[in-house]
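Here are my notes for your review. Please read them with the model open.

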Amino acid sequence: MALVNTKEMFKKAYEGGYSIGAFNISDLEQLQAVLEACKSRNSAVIIQASKSAISYAGMDTLVAMVKAASEEIGVDCALHLDHGPSFEVAKKCIDAGFTSVMIDGSHLDYEENVAITKQVVEYAHQHNVSVEAELGVLAGVEDEVSSDVHKYTEPDQAVDFVNRTGVDSLAIAIGTSHGAFKFKGEANLRFDILEEIQGKLPNFPIVLHGASAVDPESVATCNKFGGDIAGAKGVPVDMLRKASSMAVCKINMDTDLRLAMTAAIRKFLAENPSAFDPRKYIGAGKEAIKATVEGKIDVVLGSKDSL
């Protein structure tokens, strides 16, 4: 098994009307759980790490870990930098063995975003690495990414951006947001924007960030066993599945995995107060992530048997 870029998996996803799950990890158990779930469903997968996750695990350790786990479990995967903040960080990831990188210039002036994205694309394509960029601004907080405002992606600007940068996929803002507290009222994704972009950029892969469903069962379990996660609200599953059937070829999921693992560990420790073997309670968290990813593949992504 090997690390691959996203070019062929996105082509198949677009043609097949499904999305690839992009799951954030920062440790071995999270990685194993995601890959084992995708192996059980014969699903393509993107393993992604943010700058803070790379700092937590160590660049070389993380790359070696993903390569080894992919080989042992028997699943090809892409290793993707999530929300790369600069050309320098993207370059370090490419040089270390990442097969896909995101350069997030969405907070910059438009022309600056174009320039830095083009710079990353030129370097990445020399190394057979895919590049994702972002246009528009998602509200919310997750890791080092935060914003108090939401700015929808403009379809005509998206066309100009893709044509000028040569980017391989584009994350757009249609109403999702980062973190566990996405909506105060009802979710409202702008499918009209997605449809217009799809019409103007046919066969081009679109990415959704901030797309965790914030599974109510995980939230309830966390709170039942001592947590304090009040008011968490995510993107409805039916909306995510609709996006997957359109131009969206990659859906990022981080919060749902964190909640599943935390809920399972809280429950295990509460029910087993004498336990102190980390393999037991972290193992419970690992199994919860595996079940969560299998559920996302079956119900949200539609990527079963995509390998």
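1. At what angle do helix H6 and helix H7 pack, and how far apart are their axes? This is a predicted model. Helix H6 (residues 110-126) and helix H7 (residues 155-165) meet at about 35°, and their axes are 9 Å apart. The crossing is right-handed.

2. Now the residues at that crossing. H6 contributes Tyr-110, Glu-111, Asn-113, Val-114, Thr-117, Lys-118 and Val-121. H7 answers with Gln-157, Asp-160, Phe-161, Arg-164 and Thr-165. By class, the contact splits into four nonpolar, four polar and four charged residues.

3. Next, the second largest pocket. Its volume is about 340 Å³. Lining it are 16 residues, of which Lys-7, Phe-10, Lys-11, Asp-168 and Pro-205 are the closest to the centre. Helix H1 (residues 7-16) gives the most to this lining, six residues. The lining of the second largest pocket counts five nonpolar, six polar and five charged residues.

4. One cavity of 30 Å³ or more is present. The largest cavity holds about 40 Å³. Its lining consists of Thr-6, Phe-10, Ile-46, His-80, Ser-100, Ser-130, Val-131, Glu-132, Asp-168, Ser-169 and Lys-250. Strand E5 (residues 130-135) supplies the largest share, three residues. By class, this lining has three nonpolar, five polar and three charged residues.

Methods: Residues numbered from 1 in each chain as written. Predicted model: local features only at pLDDT ≥ 70, side-chain atom pairs only at ≥ 80, totals over all residues. Heavy atoms only, no water. 1 Å grid on protein atoms, 1.4 Å probe; cavity = no way out; pocket = protein on both sides within 12 Å on 5 of 7 lines; lining within 4 Å. Points joined across faces, edges and corners; volume = space filled by probe spheres on them. Helix = DSSP H or I, 4+ residues; strand = E, 2+ residues; numbered from the N terminus. Nonpolar A, V, L, I, M, F, W, Y, C, P; charged D, E, K, R; others polar. Axes fitted to C-alpha atoms, helices over the stretch in contact; angles between N-to-C directions. Left-handed = near helix turned anticlockwise from the far one by under 90°. Contact = heavy atoms within 4.5 Å.
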